[in-house]
Amino acid sequence: IEGDTHNTGGDMDEKANVEMSENPFAPYAESLRQQLEEQDPVFLIAVVVALAVVVITCVFLKYFLSSKTVRSAVLLVGLCDAGKTLLFTRLLSGKFKRTQTSITDSSAPYKAKNERGSTWTLIDLPGHDSLRSQYLEKFKSSARAIVFVVDGAIFQKEVRDVAEFLYVLLTDAVISRNAPALLVACNKQDITMAKSAKLIQQQLEKELNTLRVTHSAALSSQDGSVGGSVYLGKKGKDFEFSQLPLKVEFLECSARGSKAEEGEADIEMLEKSLAKL
Ligand SMILES: Nc1nc2c(ncn2[C@@H]2O[C@H](COP(=O)(O)OP(=O)(O)OP(=O)(O)O)[C@@H](O)[C@H]2O)c(=O)[nH]1
Ligand SMILES: [Mg+2]
């Protein structure tokens, strides 16, 4: 086949020179048509199949590569008043700002403090009950990491609600498939009453263990199907964060900082974790 092509190629050059004045492409088209007619149909089919394979591979590669690169969002989630918006401002500008309950999301590019200079899209989500799930739905599939902000100062009072919210996050099918890093930021450490990250982790494990029992009981009393949600942790074992498919880290921070409004925030641990993403 190769030899043939070379010969016709040579012939064509001559013909092309002669007929250049009319239509320069006519001789090429003619010889191509002849060649195609002479070819074995099996060969033509093979060529078409090969081209199709190449195209399909390209489409798949593009799909897989883009589904990886798309996830560049770092979500700030948590209950109302946990300090998400102040943390958002501190991470971006370092400055203190008075905040009000958020009613919508806000996002900005955040440059991580590492040599790569990775840039993530930091997204502050509203924590209000009625808005929470709708915003989570909107952003969960693009999350590279989830910063779950907990108010360490009134944790004791909120432990049940915090665990409920965390349960929803951790049993979500999309989140457990994508497995974004989970950074539990135990905020407001400037307040002396604030609970430590270790204690918060232990209490949440206990509370999630209880929630898992009540939730699966409620489910099996319905029809046994687990609509879009996954089982939390390992069956038959007390729940621990280490059983999860995603990387979980508990850290302490203070978006306000010890010197209140004039001073700097204490968010080094969070910045370090964000640099490792
Ligand atoms: N003492 C102290 N106060 C903080 C800290 N972080 C935030 N606050 C205060 O807590 C209040 C709530 O902070 P926000 O950042 O608005 O809380 P949020 O999580 O965005 O709340 P929603 O938007 O309602 O979901 C504000 O008055 C903050 O100044 C902290 O580390 N220490
Ligand atoms: Mg807010």
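**View 1. Contacts of Gly78 in the predicted model.** Leaving aside neighbours within four places in sequence, Gly78 is in contact with Lys84, Gly127, Phe148, Val149 and Val150, in a model that is predicted. Gly78 belongs to strand 1, which covers residues 73–78. Gly78 counts as buried because 26 other C-beta atoms lie within 10 Å, where 20 or more are required for that description. Val184 stands 106 residues from Gly78 in sequence, yet the C-alpha atoms of these two residues are 9.4 Å apart in space.

**View 2. Helix 6 and its bend.** Helix 6 takes in residues 155–170, and its end C-alpha atoms span only 19 Å, whereas a straight helix of 16 residues would span 22 Å at 1.5 Å a residue. At Asp161, helix 6 bends by about 35°. The buried residues of helix 6 include Phe155, Val162, Phe165 and Leu166, and Tyr167, Leu169 and Leu170 are buried as well.

View 3. An unreviewed UniProt entry lists residues 42–65 under "transmembrane region". In the predicted model, the chain over residues 42–65 is 100% helix and 0% strand, with the end C-alpha atoms 34 Å apart.

**View 4. The protein chain around these details.** The protein chain holds nine helices and six strands, and buried residues make up 27% of its 277 residues. Of the contacts in the protein chain between residues at least 6 apart in sequence, 71% join residues at least 24 apart.

How values were computed:
Residues are numbered from 1 along each chain as its sequence is written. Chains are lettered from A and ligands numbered from 1 in the order in which they are written. This is a predicted model: local features need pLDDT of at least 70, side-chain atom pairs count only at pLDDT 80 or more; totals for chains, interfaces and linings use all residues. UniProt positions are given in the numbering used here, feature names are shortened, and annotations may be inferred rather than shown by experiment. Helices (H or I, at least four residues) and strands (E, at least two) are DSSP runs, numbered from the N terminus. A residue is buried if 20 or more other C-beta atoms lie within 10 Å of its own, exposed if 12 or fewer, and partly exposed in between; C-beta atoms are placed from the backbone. Two residues are in contact if their C-beta atoms, placed from the backbone, lie within 7 Å. The expected span of a helix is 1.5 Å times one less than its number of residues. The bend at a residue is the angle between axes fitted to the seven residues ending there and the seven starting there.
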